[in-house]
Amino acid sequence: MHFGIIGAGLAGLTCADRLVGAGHVVSAFDKGRGPGGRMSTRRIDTPLGQARFDHGAQFCAATTPGFARQVAEWAERGVAAHWPDAGPDAYVGVPGMNALVADLAQRHDVTFECLVKGLVHDGRHWWLVLEGERRGPFDAVVVATPAEQAAPLLSLHAFPMARAAAGSASQACWTAMMAWAEPLPLDWTVWRGDGPLAWVARNSAKPGRPGPAQGAPDCWVIQASADWSRQHLEQTPEEVIGQIAAAFADLAGMALPEPLVARAHRWRFARPVGAGSTALWDDMLRLGACGDWLTEPTVQGAWLSGDALAGRILARKAA
């Protein structure tokens, strides 16, 4: 069968891996410029060279056997590395979190910068509606996007799936990326807490990242809490970066020196509320959905959902 997969993040590509391994053909489409999505790595040029920020997912924790095997395989090939600062079972992609998605993407037929606006079924096959054209035909379609984007794609064809997606609202997150020419004099690498900030990490201290010891900038990622992000959701990045920087200075107990880089990024769909399932599949329609909005808002959750959907599809095809 020829599967069209909308969304080339970890869930969609994990599903693709198992389908292709079973002899099916997959074509994936993603609106992003490259692999990563919420596991993206931002690169910004500075006078000291490139500053790198994992400004979405910070790490992954492998607590289930299947995902642990996947992480171990990545680690063996140098695509992932253990980051004990974030916890005993924490791993990061190398040289950035997007390396994990990029590793899967390079195995498949993926079209980036491709926004799918709708789905059409002609009675036998599926077609993807793009700007001014259609792609297809496909024997089956998998929607592997955040819930808010999945709901309208599913609504005309599978109301129960669309209802599940519509009922899974995501929390937003404002993320600040800041870098300095000299290391900040702080004796910690990772901080978690309450209040306006939820997560602060010295990104350049992660394995495989250049830092001040290599003449590169001292890079930090500061993520605001869900409550703070919601209250300031419609502010501009310029307004937000100053407020997050002030909160970071309070946390650090020092006046921050002038940064080389100070940027803010708004994730509207950062942390979904799980729908209490693993994956959705309608064998009559040959239409399915996967993503961390169905499981848990983690890297592992996305992988588990994509793996579960492929398992469900292959079990039906073998029956």
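# Talking through a predicted model

Student: Where is Asp-103 in this model?
Tutor: Keep in mind that we're looking at a predicted model. Follow the chain to residues 98–105, and you'll find Asp-103 there, in helix H3.

Student: Is Asp-103 buried or exposed?
Tutor: Check the relative accessibility, which is 9% for this residue. Buried means under 20%. So Asp-103 counts as buried.

Student: Which side chain makes a polar contact of 3.0 Å with the side chain of Asp-103?
Tutor: Skip the residues up to four places away in sequence, and Asp-103 touches Trp-74, Arg-77 and Val-79. The polar contact of 3.0 Å joins the side chain of Asp-103 to that of Trp-74.

Student: What separates the C-alpha atoms of Asp-103 and Pro-35?
Tutor: Along the chain, these two residues are 68 residues apart.

Student: What about Ser-27: which side chain joins its side chain in a polar contact of 3.2 Å?
Tutor: Ser-27 is in strand E2, residues 25–29, and it counts as buried at 9% relative accessibility. Beyond four places in sequence, it touches His-2, Phe-3, Gly-4, Ile-5, Asp-109 and Phe-138. The side-chain partner in the 3.2 Å polar contact is Asp-109.

Student: And His-24, which backbone nitrogen does its side chain reach?
Tutor: His-24 lies in the loop between helix H1 (10–21) and E2, and it is buried, with a relative accessible area of 15%. Leaving aside neighbours within four places, its contacts are Met-1, Phe-3, Leu-19 and Leu-314. At 3.1 Å, the side chain reaches the backbone nitrogen of Met-1.

Student: What is the omega of the peptide bond from Gly-136 to Pro-137?
Tutor: Most peptide bonds are trans. The bond from Val-94 to Pro-95 is cis, with omega near 10 degrees, and Pro-95 sits in the loop between strand E7 (90–93) and H3. Pro-137 is found in strand E11 instead. The bond from Gly-136 to Pro-137 is also cis, with omega near 0 degrees.

Student: Is Glu-113 buried or exposed?
Tutor: Glu-113 is in the loop between strand E8 (109–111) and strand E9 (118–121). It isn't a glycine, yet its phi is positive, about 50 degrees. Its relative accessible area is 59%, and the cut-off for exposed is over 50%. So Glu-113 is exposed.

Student: What is the phi of Arg-286?
Tutor: Look in the loop between strand E18 (280–282) and strand E19 (287–289). Arg-286 is partly exposed there, with a relative accessible area of 23%. Most residues other than glycine have a negative phi. Arg-286 is not a glycine, but its phi is positive, at about 55 degrees.

Definitions and conventions: Residues are numbered from 1 along each chain as its sequence is written. This is a predicted model: local features need pLDDT of at least 70, side-chain atom pairs count only at pLDDT 80 or more; totals for chains, interfaces and linings use all residues. Side-chain values use heavy atoms; hydrogens and water are left out. Helices (H or I, at least four residues) and strands (E, at least two) are DSSP runs, numbered from the N terminus. Buried means under 20% relative accessible area, exposed over 50%, partly exposed in between (1.4 Å probe, protein chains only). Contact means heavy atoms within 4.5 Å. A polar contact is a pair of N or O atoms within 3.5 Å; within protein, one must be able to donate a hydrogen and the other to accept it, and residues adjacent in sequence count only if both atoms are side-chain atoms.
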